[in-house]
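Subject: Structure for your files

Hello,

Here is the structure I said I would pass on. My notes on it follow below.

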Amino acid sequence: MAYNLLKGKKGIIFGALDKKSIAWKVAEKAFDEGASFTLSNTPTALRFGELNELAANCNAEIIPADATSTKDLTLVFEQSQDILGGKIDFVLHSIGMSLNVRKKRIYSDLNYEFLNKTLDISAISFHKMLQIAFQMDAINEWGSIVALSYVAAQRTLYGYNDMADAKALLESIARSFGYIYGRDKKVRVNTISQSPTRTTAGSGVKGIDGLMDFTDRMSPLGNATAEDCANYCISLFSDLTRKVTMQNLYHDGGFSNMGMSLKAMQMYYKSFQGTEDSIEELE
Ligand SMILES: NC(=O)c1ccc[n+]([C@@H]2O[C@H](COP(=O)([O-])OP(=O)(O)OC[C@H]3O[C@@H](n4cnc5c(N)ncnc54)[C@H](O)[C@@H]3O)[C@@H](O)[C@H]2O)c1
C-alpha cells in the first residue's frame, strides 16, 4: 500500500544491480510513493542490462558512475538536478564490495591494495558523495541521505572480513558529516544496519546460509528482508523522520540486542544430542 510519502521529492539511488538488490526495492517503493529519481551504478554493472528494466518501470534515467571517482559523482549530482529540475531531497548509498572477500583473502592475510579498494568503494565513496553534494549545495533543506551498513561494524562475525572495517568507517562518516550537514544545511545523514539478506553482495559473505539461519533464530521478529529495508529507507526519506540524524539505525528484527534466544538454544542443544558431549556434561 502506498501513502504518497515522497510525493514531489527528487532523489538519487546508487547501487541497484538486479531484482535482489536492496536499492532495487527502494527504487520501486520510492516510485510507488510518488518520488522521481535517477539511478546510478558502475559501467560494468550497467552492462548486465537489468537496470534498464527498473529505469523503464520507474520512469528514471540512469547515470553511470564509479562511486570512487569524484569526477563521476560530480556529474551524477549535476545531471540529476538537471534531469529532475531542481535540488535533491534524498540519496541512497547502497554500495559495497571487497576484493579480499572476492579473492578469498582471509582477515589475517589481507592484501592491502584490496583493503584500500574495499574502504574506498564501501565507505569513503559515502564521504565523497556527501562532500560533493554539500559543496555544490545540491540537497534541499530537510533532505535525507542514507547508507546501508551491517552489525559487523560493532561485533565480530565470522567471515565478514575487511567489510567490517569498511562498515565501521561508513557509520563514522555518517556521524561526522551528519553533524556538519545538519548544522549548516538541515540535511539528515543516517546509516541503516540491515539483517543479512540474500543479494549478490550478501551471497559473497562466507557461510551466508548458516548466518541467515542463525540471525533469524536469534531475532524475535526474524530477519528483515530487502523489502522491509526498502520500507524503512522510505520512512527515512519522508518528512515523518525530520529530526533523525547522525544515527546508525538497526533494522534487524532485534538481533543486535540479543545474546541468546530459545530458538537458537534449541538448535545448539540439538547439535549435542546423540554425541558424547551432552550439554549437561559441558556444564
Ligand atoms: N546483503 C546483505 O546481507 C547486507 C546486509 C547489510 C548491509 N548490506 C549493504 O547493502 C548495500 C547494498 O548491497 P546489496 O545487498 O543490495 O547487494 P548488491 O550486490 O545488489 O549491491 C551492491 C552494489 O554495489 C555496487 N558497486 C560495487 N562497486 C561499486 C563502485 N565502485 N561504484 C558504484 N557502485 C558499486 C554494485 O554494482 C551493486 O549494485 C551494501 O552496502 C551492503 O554492504 C547488505
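Two residues are in contact if their C-beta atoms, placed from the backbone, lie within 7 Å. The model is a predicted one: local features need pLDDT of at least 70, side-chain atom pairs count only at pLDDT 80 or more, and totals for chains, interfaces and linings use all residues. Residues are numbered from 1 along each chain as its sequence is written.

Overall

The protein chain has 12 helices and 7 strands. Helices (H or I, at least four residues) and strands (E, at least two) are DSSP runs, numbered from the N terminus. Along the principal axes, the C-alpha atoms fill a box of roughly 70 × 45 × 40 Å.

Of the 283 residues, 43% are buried. A residue is buried if 20 or more other C-beta atoms lie within 10 Å of its own, exposed if 12 or fewer, and partly exposed in between, with C-beta atoms placed from the backbone. Among contacts in the protein chain between residues at least 6 apart in sequence, 73% join residues at least 24 apart.

Helix α9

Helix α9 covers residues 208-218, and its buried residues are F214, T215, R217 and M218. They sit on the same side of α9 because they cover an arc of only 160 degrees around the axis; the arc is that of the directions from the helix axis to the C-beta atoms. The element that these buried residues pack against is α11 (262-270).

In soluble globular proteins, nonpolar side chains tend to be buried together. Here the largest nonpolar core has 70 residues, and I13, A16, A23, V26, A27 and C233 have the most contacts inside it. Helix α7 (residues 163-185) gives the largest share of this core, 8 residues. A nonpolar core is a set of buried Ala, Val, Leu, Ile, Met, Phe, Trp, Tyr and Cys residues joined through C-beta atoms within 7 Å. Not counting residues up to four places away in sequence, V26 touches I13, L92, A230 and C233.

V146 lies in strand β5 and I192 in strand β6. V146 is buried, with 23 other C-beta atoms within 10 Å, and I192 is buried with 24. Leaving aside neighbours within four places in sequence, I192 is in contact with V146, L148, S149, C229, Y232, C233, L249 and H251. V146 and N248 are 102 residues apart along the chain, with their C-alpha atoms separated by 9.8 Å. For I192 and Y268, 76 residues apart along the chain, the C-alpha separation is 29 Å.

M129

M129 is part of helix α6 (residues 112-136) and is buried, with 26 other C-beta atoms within 10 Å. Beyond its neighbours within four places in sequence, M129 is in contact with L73, V91 and H93. F114 lies 15 residues away along the chain, and the C-alpha atoms of M129 and F114 are separated by 21 Å.

Positive phi

Most residues other than glycine have a negative phi, and most peptide bonds are trans. N161 has a positive phi near 60 degrees and is placed in the loop between β5 and α7. K186 has a positive phi of about 55 degrees and is found in the loop between α7 and β6 (188-194). Are these two residues buried or exposed? N161 is buried, with 23 other C-beta atoms within 10 Å, whereas K186 is partly exposed, with 14.

Around the ligand

The shell around the ligand has 26 residues, of which S21, G96, T199, A201 and G202 come nearest. A residue is near a molecule or strand if its C-beta atom, placed from the backbone, lies within 6 Å of it. Elements that supply at least two shell residues each are α1 (22-32), β5 (139-149) and α8 (200-203). The most come from α8, with 3 residues.

By type, the shell divides into 12 nonpolar, 13 polar and 1 charged. Ala, Val, Leu, Ile, Met, Phe, Trp, Tyr, Cys and Pro count as nonpolar, Asp, Glu, Lys and Arg as charged, and the others, Gly among them, as polar.

Regards
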